[in-house]
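Dear colleague,

I am handing over the structure below, and after it you will find an account of what was found in it. Please look through the structure first and then read on.

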Amino acid sequence: MKKFYRELVDLPGISGQEKYIRKYMRKHLEQVSEEIIEDNLGSIFGVLNKNIDGPTVMIAGHMDEIGTMVEEINNNGTIKMIPIGGINPPVMISQYMNVVLDDGSYVPGVVGSKPPHLLRDQSSKQVSSFEDFFLDIGADDKKHAEELGLKIGQQIVFKNNYTESVDGKKIFSKAWDNRFGCAMALDIMETVKKEELACRLYSGANVQEEVGLRGAITSSFMIKPDLFIAVDCSPCQDTFNTSDVGGSLGEGFMVRFYDPRAILHQGMKKFIEETAKKNNIKFQYYKSRGGTDAAAVQLSRSGVLVCTIGMPSRYIHSTTSVIHKEDMKAVKNVILAMLKEIDFNKIKEIRSNA
Ligand SMILES: [Zn+2]
């Protein structure tokens with residue numbers, strides 16, 4: 001496993017505050033790209049084969065993670081928070097979080113939890129809404145918190161507790177959604193650098209996916225792709241008693257054939273299935289209730305062929321999610337296999353299979 005995966009999950013970056021991730025992406029894209037481009041919101045891409053006569057392929061993860069922002073510093077020194085991205089209130093309780101100061105250093109804190117002694121018969125109250133939470137950074141009062149460097153609007157991220165499972169096959173970490181996609185974009189770029197592709201390649205990451213697929217709208221307008229691949233983590237249901245949302249850890253990449261905002265193009269579906277089968281890459285079908293950047297790019301300009309190559313992940317949008325190393329390989333291998341096949345004729349064939 002390349003170092004990108006391990007290093008990117010540790011960095012802080014909620015929606016709209018992706019600068020540390022962008023800096024990392026730039027540093028590593030620079031080593032493998034002919035050119036780096038950035039749009040006005042901060043999405044960043046490396047370019048390969050810029051001048052060849054071929055279709056434009058865009059591959060993107062998204063840099064932002066779910067977390068919170070400092071909404072207010074209370075008089076008693078605790079911090080009121082705004083959730084950024086979809087977080088269920090129960091995952092917040094008793095978690096370690098870090099406030100990221102303007103200079104990039106951290107002030108650690110814990111989300112206060114009411115002990116049973118203070119709740120008595122109303123334990124459900126503890127998890128009713130975000131309004132009930134505060135972050136305790138150990139400040140004596142508001143002035144003390146300000147002296148420590150706290151300011152309204154600063155990002156607050158979950159403290160990472162990166163761990164491998166005992167069998168060495170799975171990894172627990174914050175922010176797999178979607179530093180995985182960012183790392184994969186770098187990994188792909190580094191891998192195809194010396195290969196002869198028949199397409200122009202833009203590989204990188206968007207900003208602000210978790211707050212409504214915002215970055216993908218502007219980055220795709222800039223890049224004008226003929227084909228777009230979103231690389232993103234999708235939730236597994238395999239440890240829960242539900243079949244409502246699919247996905248099992250270790251069963252290969254996910255073919256997202258339906259979500260409420262993007263129905264997989266039938267030509268793309270056939271292309272992905274055939275490519276995976278030909279190369280013996282494991283995959284599973286996946287229906288989602290949420291969207292990815294593919295939904296935004298699909299509607300760019302006069303429309304774009306899009307797909308999401310899904311990475312199975314347990315417990316996303318919480319403090320810690322779990323991925324499987326074999327699934328990482330499946331995602332990488334199918335994208336590489338697709339890239340090798342894409343030329344003008346392939347794009348024509350995909351379109352004609354709609
Ligand atoms: Zn995501």
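Two strands are said to pair if DSSP finds at least two bridges between them, and the helices (H or I, at least four residues) and strands (E, at least two) are themselves DSSP runs, numbered from the N terminus. This is a predicted model, in which local features need pLDDT of at least 70 and side-chain atom pairs count only at pLDDT 80 or more, while totals for chains, interfaces and linings use all residues. Residues are numbered from 1 along each chain as its sequence is written.

With that in hand, strand β6 (residues 96–100) and β7 pair in the antiparallel sense over five bridges, and Val99 is the residue that stands opposite Val107 in β7. The hairpin of β6 and β7 has five residues between the strands, and in this hairpin Gly104 takes a positive phi near 90 degrees. β7 is also joined by two bridges to strand β8 (residues 135–136), the two running antiparallel, with Val111 opposite Leu135 in β8.

Burial is used in what follows: a residue is buried if 20 or more other C-beta atoms lie within 10 Å of its own, exposed if 12 or fewer, and partly exposed in between, with C-beta atoms placed from the backbone.

As for the whole, the protein chain has ten helices and 18 strands, and of its 354 residues 47% count as buried. The C-alpha atoms fill a box of roughly 65 × 45 × 40 Å, taken along the principal axes.

A nonpolar core is a set of buried Ala, Val, Leu, Ile, Met, Phe, Trp, Tyr and Cys residues joined through C-beta atoms within 7 Å. The largest such core has 78 residues, and Ala185 and Val331 have the most contacts inside it; helix α5 (residues 176–192) gives the most to this core, with ten residues. A second, separate core of 23 residues includes Ile14, Met81, Met97 and Val100.

Finally, Ser165 lies in the loop between β10 (163–164) and β11 (170–173), and Ser165 counts as exposed because it has 12 C-beta neighbours inside 10 Å. Ser165 and Val322 are 157 residues apart in sequence and 9.3 Å apart in space, C-alpha to C-alpha.

With best wishes
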